[in-house]
Amino acid sequence: MTNEIKFDDLKYRREAEAFREIRTRLQSAARSVELPRDLESRIRLSLAEAPRKTVWNRNLMSIAAGIAIVMGTWLSWQVAGVRAVTGQRQNFAIAVSQKVATIMRVGLQQHIHCAVFRPLGKPADARADMDQWLAGYKDLLPAVREQVPASFELLTAHKCKFRGREFVHFQFQDKGKLLSLMIVRKREGESFEIEGLLPSMVQSGLPMYSAGVQKFEMTGFETRDHLAYVVSNMPAKENTQIAAGLAPKVKQFLTHMEG
Amino acid sequence: MDSGAPHSIPAMSLEARFESEAMPHLNDLFRTATRVTGERGQAEDVVQEVFLQAWRSFDKFEPGTNCRAWLYKILFHCVSHHRRKWFRMPTLKENEEHLEANLVQPESVPQHLTDQEILAALDGIPADFRNVVLLVDVDEFAYKEVAEILGIPIGTVMSRLSRGRGLLRKRLADVAHSYGIGKTGQVD
């Protein structure tokens with residue numbers, strides 16, 4: 001900025017000149033302060049939970065007058081905007097998940113993409129539509145609901161695609177806590193065991209694998225054809241406890257499905 | 001869209017604007033908040049609240065105007081709101097006479113000082129002066145923008161900047177003297 005030349009005041013100009021060196025050091029020192037690693041994700045989470053005031057009637061008449069032109073421009077802009085945001089989200093999810101094992105990233109990235117970021121937009125599926133969205137998995141919902149603490153509200157349960165894979169995704173929320181259970185079909189060679197991870201615990205004969213990065217804690221387990229993940233922003237112990245409660249029921253359901 | 005579920009296009013449009021116009025300023029806001037509040041934990045809370053308030057009223061923000069200045073205005077509003085809860089910060093009125101009497105002539109900054117020492121010197125300035133120095137010298141806002149952000153006349157911005165800079169120089173000189181650099185009242 002050019003504050004110094006905006007005022008014909010010799011005093012201030014001389015002072016600014018004399019202060020230039022300090023200013024440079026000051027800028028360097030102030031900018032050395034690092035952003036807390038999880039602040040951005042916490043902000044995004046709080047934004048996702050926040051209602052926003054909207055004004056729908058603004059310029060209604062002028063929109064009506066030029067609706068054809070406006071709609072054309074608007075749609076073009078939206079498509080570009082949606083692509084840009086999707087790219088940013090994917091980049092964030094990918095960057096955060098780099099510090100966990102490859103097989104853990106599958107669930108973590110889906111949680112960030114769909115649970116952490118999704119609520120910024122309009123909820124994709126109303127609860128009345130859950131049966132439709134959960135086709136084939138709706139019988140699992142009561143068992144899942146039973147194992148997740150009652151204080152958690154079921155936000156959504158649906159199937160969705162991320163990076164070419166279809167997930168069955170149950171999302172729960174309890175105030176600031178956001179919890180996901182995700183199930184996805186294995187790709188060839190995918191396995192916690194094959195990847196060489198050591199189980200953090202064994203629940204009902206089922207090895208369970210845990211990891212954490214930033215505020216995210218995740219626990220995964222597998223059946224013959226599926227991977228399952230429990231991811232949340234809760235402490236590792238709580239996340240693992242919920243996963244341990246879910247695992248036998250989920251395994252039973254998936255094993256029956258796999259035949 | 002990679003996700004299988006449908007999205008509302010109008011909601012996404014505002015979100016896209018918020019992502020591109022507001023979120024890039026997170027780092028700057030946090031750094032300024034850290035200096036203004038003097039504590040990282042409080043800075044995190046304030047910055048989180050700033051983005052929450054900004055998101056809630058983003059429909060009032062006019063595209064093409066200065067989003068960064070708008071966010072800073074919210075930041076100082078939030079800090080002002082929280083100040084009473086945290087602690088009683090020194091105010092300008094209490095310190096004005098003392099500072100007036102202690103201003104020093106322009107001197108160069110000692111090269112030996114670390115970033116932490118420089119920041120500690122800045123943190124030691126009363127909030128009213130420190131805020132103006134931060135906004136002008138670190139965040140590089142114009143005087144007029146600072147006046148709008150802090151809600152004070154532009155003349156007050158200039159006088160506080162002058163006094164704030166002077167006090168910062170004096171504090172830096174004091175630190176240098178503690179290391180045996182420079183003579184009394186002077187620095188290298």
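Guide: A residue is called buried here when its relative accessible area is under 20%. The model is a predicted one. With that cut-off in hand, consider helix H8 of chain B, which spans residues 143-150. The buried residues in H8(B) are B:Tyr143, B:Glu145, B:Val146, B:Ala147 and B:Ile149. After H8(B) comes B:Gly151, with a positive phi near 70°.

Read from the N terminus, the elements of chain B follow the order α-α-α-α-α-α-α-α-α. Chain B has 188 residues, of which 56% are buried. Among contacts in chain B with a separation of 6 or more, 71% are between residues 24 or more positions apart.

Two helix pairs illustrate the packing in chain B, and both involve H2(B). Two packed helices are described by the angle between their axes and the distance between the axes. Helix H2 of chain B covers residues 26-37, and its packing against helix H3 of chain B, residues 40-56, has an angle of about 135° and an axis separation of 8 Å. At that angle H2(B) is oblique to H3(B). The crossing of this pair is right-handed. On the H2(B) side, the residues in contact are B:Leu26, B:Leu29, B:Phe30, B:Ala33, B:Thr34 and B:Thr37. These meet B:Arg40, B:Gln42, B:Ala43, B:Glu44, B:Val46, B:Val47, B:Val50 and B:Phe51 of H3(B). By class, the contact of H2(B) with H3(B) comprises 9 nonpolar, 3 polar and 2 charged residues.

H2(B) also packs on helix H7 of chain B, residues 127-138, at an angle of about 160° and with the axes 10 Å apart. Angles over 145 degrees count as roughly antiparallel, and H2(B) and H7(B) are therefore roughly antiparallel to each other. Their crossing, too, is described as right-handed. Here B:Thr32, B:Arg35 and B:Val36 are the H2(B) residues, and B:Arg130, B:Asn131 and B:Leu134 are their counterparts in H7(B). This contact has 2 nonpolar, 2 polar and 2 charged residues.

Turning to chain A, the strand to examine is E7, residues 226-232, in which 7 of 7 residues are buried. In a regular strand the side chains alternate between the two faces of the sheet. In E7(A), A:His226, A:Ala228, A:Val230 and A:Ser232 point one way, while A:Leu227, A:Tyr229 and A:Val231 point the other way, and all are buried.

E7(A) has strand E3 of chain A as an antiparallel partner, joined to it by 7 bridges. One of the paired positions in that arrangement is A:Arg185, whose bridge partner in E7(A) is A:His226. E7(A) also pairs with strand E6 of chain A, residues 216-222, again in the antiparallel sense, over 6 bridges. A:Glu222 lies opposite A:Leu227 of E7(A).

Two loops of chain A deserve a remark on backbone geometry. Most residues other than glycine have a negative phi, and most peptide bonds are trans. A:Lys175, although not a glycine, has a positive phi of about 55°. A:Lys175 sits in the loop between strand E2 (165-174) and strand E3 (177-185) of chain A. With a relative accessible area of 74%, A:Lys175 is exposed. A:Ser204 is likewise not a glycine and has a positive phi, of about 50°. The loop that holds A:Ser204 lies between strand E4 (201-203) and strand E5 (206-213) of chain A. A:Ser204 is exposed as well, at a relative accessible area of 55%.

Finally, A:Ala236 belongs to helix H8 of chain A, residues 236-258. Its relative accessibility of 36% makes A:Ala236 partly exposed. The C-alpha atom of A:Ala236 is 8.3 Å from that of A:Ala211, and the two residues are 25 residues apart along the chain.

Methods:
Residues numbered from 1 in each chain as written. Chains lettered and ligands numbered in written order. Predicted model: local features only at pLDDT ≥ 70, side-chain atom pairs only at ≥ 80, totals over all residues. Heavy atoms only, no water. Axes fitted to C-alpha atoms, helices over the stretch in contact; angles between N-to-C directions. Helix = DSSP H or I, 4+ residues; strand = E, 2+ residues; numbered from the N terminus. Parallel < 35°, antiparallel > 145°, perpendicular 65-115°, else oblique. Left-handed = near helix turned anticlockwise from the far one by under 90°. Contact = heavy atoms within 4.5 Å. Nonpolar A, V, L, I, M, F, W, Y, C, P; charged D, E, K, R; others polar. Buried < 20%, exposed > 50% of the residue type's maximum accessible area, 1.4 Å probe, protein only. Pairing = 2+ DSSP bridges.
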